[in-house]
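Student: I would like to learn how to read a structure like this one. Please take me through it feature by feature.

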Amino acid sequence: MDRSAETRELCSLISELAHDIEEHVRRCVADSELTASQAIALRELAEPLSMRELANRMHCATSNVTFVIDRLEKQGLVTRRPHPTDRRAKEIALTEEGAQQRTRIIERFSVNTPLSGLDADEQQSLHELLRRALSAR
């Protein structure tokens, strides 16, 4: 197989894996009161983040994050507070209930994932390869 065909196939496989991961996330939240976007936001909020930082981590527009955070705030899972170093920005932080929900979501995300067919060493190797590929852009 020539290099361009290998690259196309690799891109196709990565795209398929990304789709499988998105479906996995949807299944994990299907019986909860959360949308996939809300669950991903909770997953990313391991620490307080600005809306821009959260949007970057979620790979979406800040306006989409605003909508997601509005809904999470109404559910009592997050709170907005002044950013400690940027007067123009708000920082998003989990409430105690939000932290508990985040723990449950992460537990659900880790069961029967699209990567479950890989052992720990293979997952670590994939992680390192993907990090290198992303840092090369």
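Tutor: What follows is a tour from the overall layout to single residues. This is a predicted model, in which local features need pLDDT of at least 70, side-chain atom pairs count only at pLDDT 80 or more, and totals for chains, interfaces and linings use all residues. Residues are numbered from 1 along each chain as its sequence is written, and side-chain values use heavy atoms, with hydrogens and water left out.

Student: How many helices and strands are there in the protein chain?

Tutor: Helices (H or I, at least four residues) and strands (E, at least two) are DSSP runs, numbered from the N terminus. The protein chain has six helices and three strands. Along the sequence their pattern is α-α-β-α-α-β-β-α-α. The C-alpha atoms fill a box of roughly 55 × 35 × 25 Å, taken along the principal axes.

Student: What share of the residues of the protein chain count as buried?

Tutor: Buried means under 20% relative accessible area, exposed over 50%, and partly exposed in between (1.4 Å probe, protein chains only). Of the 137 residues of the protein chain, 26% count as buried. The areas come from the Shrake-Rupley method with a 1.4 Å probe, and for residues only the protein chains shown count as cover. The accessible surface of the protein chain is about 9700 Å², and 50% of this surface belongs to carbon and sulfur atoms.

Student: With which residues is Gln101 in contact, leaving aside its neighbours within four places in sequence?

Tutor: Contact means heavy atoms within 4.5 Å. Gln101 sits in helix H5 (residues 96-109). Gln101 is classed as buried because its relative accessible area is 17%. Apart from neighbours within four places in sequence, Gln101 touches Leu34, Leu42 and Leu77. For the protein chain, among contacts between residues at least 6 apart in sequence, 47% join residues at least 24 apart.

Student: Which residues make the nonpolar surface patch?

Tutor: Patches are made of residues with over 30% relative accessible area and no salt bridge; like charges are joined within 9 Å, and nonpolar side chains (Val, Leu, Ile, Met, Phe, Trp, Tyr) within 5 Å. Leu10, Ile14 and Leu130 make a nonpolar surface patch of about 260 Å². Ile14 belongs to helix H1 (residues 3-29). Ile14 counts as partly exposed because its relative accessibility is 43%.

Student: How many salt bridges does the structure hold?

Tutor: Side chains of opposite charge can pair when their charged atoms come close. A salt bridge is a side-chain nitrogen of Lys or Arg within 4 Å of a carboxyl oxygen of Asp or Glu. The structure holds seven salt bridges. One of them joins Asp70 to Arg80, with the closest N and O atoms 2.6 Å apart. This pair links distant parts of the chain, 10 residues apart: Asp70 is in helix H4 (residues 62-74) and Arg80 in strand E2 (residues 78-82). Asp70 is partly exposed at 30% relative accessibility, and Arg80 is partly exposed at 25%.

Student: How far apart are the closest N and O atoms of Arg81 and Glu91?

Tutor: Arg81 and Glu91 form a salt bridge, and their closest N and O atoms are 2.9 Å apart. Here too the pair links distant parts of the chain, with Arg81 in strand E2 and Glu91 in strand E3 (residues 90-94), 10 residues apart. Arg81 is partly exposed, with a relative accessible area of 34%, whereas Glu91 counts as buried at 11%.

Student: Is Arg88 buried or exposed?

Tutor: Arg88 is exposed, because its relative accessible area is 78%. Its side chain meets that of Asp86 in a salt bridge (3.2 Å, N to O). Asp86 counts as partly exposed, at 23% relative accessibility. Elsewhere, salt bridges that share partners join Asp70, Glu73 and Arg80 into one network.

Student: What is the phi of His59?

Tutor: His59 has a positive phi of about 60°, although His59 is not a glycine. His59 lies in the loop between helix H3 (51-58) and H4. His59 counts as exposed because its relative accessibility is 72%. Asn112 also has a positive phi, of about 50°, and is not a glycine. Asn112 is found in the loop between H5 and helix H6 (120-135). At 64% relative accessibility, Asn112 counts as exposed.
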